[in-house]
Amino acid sequence: MLNRNYKKITDRVHKEGSQSNRILKHMQEGYGITPITALQNYGCFRLAAVVFDLKREGHNIKTTIVRENEKKFARYKLIPGV
């Protein structure tokens, strides 16, 4: 069960031009996003938290763990039409 205040919180967080809206638009355009991309393009230090909120709003976002140059990070991609 969602917290009663959740809608109020997400309404405030997802104002036009907000980081989360810009990140959602990025994914709606068919692009995946990683923490470094979110930081460089949107100034977002907490991409996992933004994705968590977007998932709670009902967006179907797939998480893939990527290993590159001995580093491990998440890549998120919106699954359209679900």
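**Entry 1: T63**

Is T63 buried, partly exposed or exposed? I looked it up in the predicted model. T63 counts as partly exposed, because its relative accessibility is 36%. For these classes, buried means under 20% relative accessible area, exposed means over 50%, and partly exposed lies in between, with a 1.4 Å probe and protein chains only.

T63 is found in strand β1, residues 61-68. Strands here are DSSP runs of E with at least two residues, helices are runs of H or I with at least four, and both are numbered from the N terminus. I then listed the contacts of T63, leaving aside neighbours within four places in sequence. They are K55, A74, R75 and Y76. Contact means heavy atoms within 4.5 Å. I also checked T63 against L78. The two are 15 residues apart along the chain, and their C-alpha atoms are separated by 9.0 Å.

**Entry 2: ground rules and confidence**

I number residues from 1 along each chain as its sequence is written, and side-chain values use heavy atoms, with hydrogens and water left out. As this is a predicted model, local features need pLDDT of at least 70 and side-chain atom pairs count only at pLDDT 80 or more, while totals for chains, interfaces and linings use all residues.

pLDDT is the predictor's confidence in each residue, from 0 to 100. The protein chain averages 85, and 79% of the residues score at least 70. I compared the elements. Strand β2 (residues 71-78) has the highest mean pLDDT, 97. Helix α1 (residues 6-13) has the lowest, 48. Over residues 6-10 the pLDDT stays under 50. For that stretch the model has four contacts beyond four places in sequence. I leave α1 there.

**Entry 3: overall layout**

I found four helices and two strands in the protein chain. Read along the sequence, the pattern is α-α-α-α-β-β. The chain has 82 residues, and buried ones make up 28% of them.

**Entry 4: α2 against α4**

I took helix α2 (residues 19-28) and helix α4 (residues 47-56) as a pair. They pack at an angle of about 75°, with axes 10 Å apart. The axes are lines fitted to C-alpha atoms over the stretch in contact, and angles run from 0 to 180 degrees between N-to-C directions. That makes α2 roughly perpendicular to α4. The class covers 65 to 115 degrees; under 35 counts as roughly parallel, over 145 as roughly antiparallel, and the rest as oblique.

Which residues of α2 and α4 meet? From α2 I noted S20, I23, L24 and M27. From α4 I noted L47, V50 and L54. The residues of this contact divide into six nonpolar, one polar and no charged. Ala, Val, Leu, Ile, Met, Phe, Trp, Tyr, Cys and Pro count as nonpolar, Asp, Glu, Lys and Arg as charged, and the others, Gly among them, as polar.

D53 has its place in helix α4. At a relative accessible area of 22%, D53 is partly exposed. D53 and S20 are 33 residues apart in sequence and 8.7 Å apart in space, C-alpha to C-alpha.

**Entry 5: the core**

In soluble globular proteins, nonpolar side chains tend to be buried together. I went to the largest nonpolar core, which has 15 residues. Such a core is a set of buried Ala, Val, Leu, Ile, Met, Phe, Trp, Tyr and Cys residues joined through side-chain atoms within 4.5 Å. I23, M27, I33, L47, I61 and Y76 touch the most other members. α2, α3 (35-42), α4 and β2 each supply at least two residues of this core. The largest share, four residues, comes from α4.

M27 is in contact with I33, L54, I61, Y76, K77 and L78.

**Entry 6: H26**

H26 sits in helix α2. H26 is buried, with a relative accessible area of 11%. Beyond its neighbours within four places in sequence, H26 is in contact with Y31, G32, I33, T37 and Y42. H26 and K77 are 51 residues apart in sequence and 9.5 Å apart in space, C-alpha to C-alpha.

**Entry 7: the β1-β2 loop**

I ended with backbone angles. N69 lies in the loop between β1 and β2. Phi of N69 is near 50°, a positive value in a residue other than glycine. N69 is exposed, at 71% relative accessible area. E70 also lies in the loop between β1 and β2. Phi of E70 is near 65°, again positive in a residue other than glycine. E70 is exposed, at 87% relative accessible area.
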